[in-house]
Amino acid sequence: MIQSETLELLEWSRLCQHLSTFAATKLGAVASRHLTIPTSQTVSEELLAQTKEVYELESRLNSGLSFEGIQDIGDSLERAQIQGILAGDELLAIATTLSGARNLRRAIDNHEDLAVLTSLVSELRTYPEVEQEIHRCVDERGQIADRASQKLGDIRAELRKTRSQITQKLHNIIQVKSSALQENIITQRGDRFVIPVKATHKDAIPGIVHDTSTSGLTLYVEPNSVVPMGNQLRQLTRKEEIEEEAIRRQLSEQVAAICPDLERLLLIVTTLDLATAKARYGYWLKANPPRFIDIKANEKITLRQLRHPLLEWQHHHEQGHAVIPVDLLVQPETRVVTITGPNTGGKTVTLKTLALAALMAKAGMFVPAREPVELPWFDMILADIGDEQSLQQSLSTFSGHIRRISRILNELKTQHDSLSTTHSSLILLDEVGAGTDPAEGSALAIALLKYLADHALLTMASTHFGELKALKYQDERFENASVEFDDATLSPTYRLLWGIPGRSNALAIARRLGLNPEVVEAAKQEMGGANDEVNSVIAGLEAQRRRQETKAAEAQKLLQQAEVLYKQVSEKATSLEEREQSLKEKQEVAVQQAIASAKGEIATVIRRLQKGTPTAQEAQVATNNLNQIAEKFTTPQQQKPKVGFMPKVGDRIRISKLGQTAEVITAPDSDGELNVRFGIMKMNVKLTDIESLDGQKVEPSPARTTRNTPQNNVTPPPEAPNIRTSKNTFDIRGKRVADAEIILDKALSEASGPIWIIHGHGTGKLREGVHAYLKQHSRVKRMEPAAQADGGTGVTIAYV
């Protein structure tokens, strides 16, 4: 009873209702709303393993795990087992459920590493032959199809023929007797075809009157000439019904024969859907999988940034306030935690949050806390939260609390006697000892908490009694915690502080709520100065803790930044090493190929000389051949270039690196660059990269020479000329700005010269986004539009 009462106090049913919204089937939703708490840790761990594997599978599948076609066929199976005849839509639901279950098993079988799910669906039997037979006999509307049997097909063909004959006969009567009719239409009354005859002309068309209009002016008559065909139609319809029933009976018998396997199928599918709902709920909550710890093995409870799941739902779906997380770090030797602090400070919410976290872990759900999530498997979770005051039962607040606590202690004793061992129970007490004389209430609370320290794994109690704060210094099994209070705003922050007893701040809150200041001051005088000194000490401890937390957060942030930077540098260093190694390997292969080719040609010359006695002429030919080989595979020595050349507009010059001749378009600027043209291409080149047609190099300018210091007189290698190729050209037309930034970031990180970016004109949004990105990029020195021949303003050149 007390365990059910605890679930009600914690609003467990609300959480289950939220969970059911993530279920894909009706069966899963029902199972979610009636979620039971496992009674053994083994079952909890099995459920948790299912949730983890479904979470992993959902992340691998593009559209998640599909339960399409699966329906609640439980009632149909019960009727089939007692030899009932199922309707067509019920049979169709069974067929689609078999198909949906087969698709589920196929999706899981494709991931053999998911051992728990694979084992679960290994027992799934989907009977494709039964499904195919149902689809052969039942169409998509749930009606028995003509193809179900030859007899049914013949009956329906005869039915269509008879209807056609009746319709044709009535049309003939309408044409001849149209003046006796209210309307020239054919209608039905029951299963008989009739025509609307004027009451005044009823003798004009003799027949059976099946109905009369409300006004009495129209009679719905089946003409005598049609009656025999109507009777035949009725007989055929009855035959059709008998044949359909026979087919449905046959299919129902096939279903009844496999009912045990179908019930097992429903159980497996419901288990999968429930695990999927838990995984999706955990993803929505940004929750993490818990790990059950052993307190006896000196492991501590770790629940960082723990959030109340119902408040999270209220925040997202009911315009509630943002949820402030709490940190619960309980040492293995701690058995009782007393939480103190002001009213409305979050003490009760903290108790409920811990209890729901423990229940969610037991039920195989993820816990809304930061990793790692570590807590014991509590065999019982019992709570006294709220006010059980009852006028009908003549119960005061204190009496209500005591009766509920008595039920908790009795439950502990019953479980202890049945198992003869210390239990791993979690006890939650709100405002323990409240509602009576403070001295007696405090004494009772101390005795109760000491008893629970001996008989429960963990007890967490909120209180205003100052005497309970001192238990920590008398017994190492006790720990203090408090909810923080902001002295500046005179309001709680809802943060939980560990190791520091709280201040109730009743007088400060009373002043904030508008109580007469004279009354508040008089109350302070009554309390005396000793209490002020204690509060000052506690306030100092709280301030010191806040400073330490701020410094710790800053240190954590710096550590994270350093880790990111280290990762980036490591990746770039690895990339450079790989590129260098690749170049070395390519060079080594090229050298080896050159050596092998030279050896081969030399061996050919030697073999020719060895064929006979060489003459002087043959020896000279061989010598010439060897000289040619040497010239081919030996790097030519570069002659020292002549200097003293300075190009002018219109001169023809040679670009050394390209081996191309070009015409000078503009004179050299202050940076030593000039614009040249060869063919249809224009480009900027350095003076150091060109020479005259007779091989003269440009003479260095005196100004540049005097700036060179003796320690830095080595001429740097010339920059590569700005040549547009397919490798340094990037076409981002049609891309979004975000996608283009990813492409450009990779291009700029790998570029050793300018890059050409083709963005086109369009609306101009892409060009603006690209220019904004290039302006803030650290590697971009400058940018400019391309020449008109290269695309003009539809292309941007970025210099790195």
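Predicted model: local features only at pLDDT ≥ 70, side-chain atom pairs only at ≥ 80, totals over all residues.

Here is a short report on confidence, strands and a few cysteines.

The protein chain has an average pLDDT of 83, and 85% of the residues score at least 70. Another one is residues 703-720, where pLDDT stays under 50 and the model has nine contacts beyond four places in sequence.

**An open sheet with a helix on it**

Now to a sheet of four strands. It is open, its order is β5-β9-β6-β7, and its pairing is mixed. At the edges sit β5 (290-293) and β7 (326-330), each pairing on one side only. From one strand to the next, the twist averages 25°. Helix α13 (residues 347-362) packs on this sheet and touches β5, β6 (301-306), β7 and β9. The direction of α13 makes about 115° with that of β6.

Zoom in on β5 and you'll find that it pairs with β9 (residues 370-376) in the parallel sense, over four bridges. Isoleucine 293 has proline 376 in β9 as its bridge partner.

**A strand tucked inside**

How many residues of strand β11 (residues 425-429) are buried? Five of the five are, so the strand is largely enclosed by the rest of the structure. In a regular strand, side chains alternate between the two faces of the sheet. Both faces of β11 are covered: Ser425, Ile427 and Leu429 are buried on one side, and Leu426 and Leu428 are buried on the other.

Methionine 380 stands opposite serine 425 in β11, while leucine 426 stands opposite leucine 458 in β12.

| Strand pair | Sense | Bridges |
|---|---|---|
| β5 and β9 (residues 370-376) | parallel | four bridges |
| β10 (residues 380-384) and β11 | parallel | five bridges |
| β11 and β12 (residues 458-462) | parallel | four bridges |

What holds such pairs together? Strands of a sheet pair through backbone hydrogen bonds.

**Two cysteines**

Finally, are cysteine 16 and cysteine 259 buried or exposed? Cysteine 16 has 2% relative accessibility, so it counts as buried. Cysteine 259 is at 0% relative accessibility, so it counts as buried too. As for disulfides, the count comes to zero.

Key
Residues numbered from 1 in each chain as written. Heavy atoms only, no water. Pairing = 2+ DSSP bridges. Helix = DSSP H or I, 4+ residues; strand = E, 2+ residues; numbered from the N terminus. Axes fitted to C-alpha atoms, helices over the stretch in contact; angles between N-to-C directions. Contact = heavy atoms within 4.5 Å. Disulfide = S-S within 2.5 Å. Buried < 20%, exposed > 50% of the residue type's maximum accessible area, 1.4 Å probe, protein only. pLDDT = per-residue confidence, 0-100.
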